[in-house]
Amino acid sequence: MPELQLAVIDVKPGASLESQSGLQMLRPRIYGAYQQPAGPKKIAAIVMHPTSNFMGHYLIGPLAARGICCMGLNSRYMGNDTVLLMERAIQDLGAGVQFLRAAGYEKVLLVGNSGGAALASFYQAQAEHLTAHAFPDGDPTHLHPDDLPPVDGIALCAAHLGRSRLLRDWIDPSVTDEHDPLSVAPELDMYDARHAVPYSSEFLARFSAAQQARLERIEHWALERLRQLRGTPGAPRDQAFIVYRTHADPRCVDLSIDTNDRAPGSVWGDARQVNYSANAMGRTTSLTAFLSQWSSRSQADGPTNLARTTVPKLLLTYTGDQSTFPSTRDAWLAAGGARIRNVDIAGGNHYLAGQPQRVQEAADAIAEWAHAL
């Protein structure tokens, strides 16, 4: 097995305070880990997430064993999405693509795992036709086509549809006071024992409508607050805020909804505990990061971007996943059209944790697809 190698890649700085490290701000770098198979440099792949540390990703070794150099690459926002801008994250991904092209690989692919799926789709859509000239707050991105060299294919696995859709499905509509994480309207609390599982269609309809309404209220407040800040001389251009209780998807406890092979609960454990935890998806964010990642104004919706791409695509559906479902698979397949095919990894959980045979199945499927391109 080839040794794991470190990639240290210089990237362009952003216009905002993206790190508390002065060194990282003055000389911004991203880091990756990869295994380079022996022989000709034919195919390389990048697996990257907006914030997760993928330098130890489970596909790096298995794909290298199948003749594909796989690099687990971290964005500048690794471990902290408080100020994450998706438009800047694709710039980092482009630096990784440039690194592998310069290393001599004939084909470069993206492996979009979990939240990396929407990132990979956003990247390739912009690489083929750059439209993200501004962030959702109106500031220029200064992205240039040279920052985003196109890739040759996209493989998606355990693929979320994008952060804005994720928050739409997960935000807790029973919060009555945005400043009090314990405030609750029992009639909208999916964790209240008075709402028996399976949930009624009437409850689910009210729940979904209230989720949308809460998200719209937060987005309206964020836009108004940003307008106020930027209209006040000497005021900061951004601020942080907290979105309480962001893990209330009825599918976590009602397995009759979007049925697959999953067990009850969340990918992080007990869903109610995650919902009330101090750190969860979208919990702490800035105004600009909220608009870029979580709002209806986000430019990083997965299926919308995938539909704009022309490269071959592969979808791996993990049928035991607690956070992607048959409807998720359907949305990706509809977006991919004739240029996408699906492979089910039967019983696979979101991380293929404790499932070494299913890791091999996933690597086999990706390698077979990649070598046929």
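Axes here are lines fitted to C-alpha atoms, for helices over the stretch in contact, and angles run from 0 to 180 degrees between N-to-C directions. Helices (H or I, at least four residues) and strands (E, at least two) are DSSP runs, numbered from the N terminus. From H5, the contact uses Leu167, Arg168, Asp169 and Trp170. From H6 come Ser208, Gln211, Gln212 and Leu215. Contact means heavy atoms within 4.5 Å.

This is a predicted model, in which local features need pLDDT of at least 70 and side-chain atom pairs count only at pLDDT 80 or more, while totals for chains, interfaces and linings use all residues. Residues are numbered from 1 along each chain as its sequence is written, and side-chain values use heavy atoms, with hydrogens and water left out.

H5 also packs on H8 (residues 287-294), at an angle of about 90° and with the axes 7 Å apart. That makes H5 roughly perpendicular to H8. Arg163, Ser164 and Leu167 of H5 meet Phe290, Gln293 and Trp294 of H8.

How many of the eight residues of H8 are buried? Eight of the eight are, so H8 is largely enclosed by the rest of the structure. Buried means under 20% relative accessible area, exposed over 50%, and partly exposed in between (1.4 Å probe, protein chains only). Among the buried residues of H8 are Leu287, Phe290 and Trp294. The buried residues pack against H3 (86-102), H5, H6, E7 and E8 (284-286).

Now the charged pairs. A salt bridge is a side-chain nitrogen of Lys or Arg within 4 Å of a carboxyl oxygen of Asp or Glu. By this rule the count comes to 21. One of them joins Arg101 and Asp152 (3.3 Å, N to O). Arg101 sits in H3, and Asp152 in the loop between H4 (116-128) and E6, 51 residues apart. Arg101 is partly exposed at 28% relative accessibility. Asp152 is partly exposed too, at 27%.

Arg230 and Asp137 form another salt bridge (2.8 Å, N to O). It links H6 to the loop between H4 and E6, across 93 residues. Asp137, Asp139, Arg230 and Arg237 are linked in a network of salt bridges.

Arg297 lies in the loop between H8 and H9 (302-306), 78 residues from Glu219. Glu219 is buried, with 10% relative accessibility, whereas Arg297 is partly exposed at 45%.

Next, the backbone. Most residues other than glycine have a negative phi, and most peptide bonds are trans. Ala158 has a positive phi, near 45°. This residue sits in the loop between E6 (153-157) and H5, and is buried at 1% relative accessibility. Asp258 has a positive phi of about 55°. Its place is the loop between E7 (240-242) and H7 (271-275). A cis peptide bond joins Val197 and Pro198, with omega of about 5°. Pro198 is in the loop between H5 (163-170) and H6 (201-230).

Conventions
Parallel < 35°, antiparallel > 145°, perpendicular 65-115°, else oblique.
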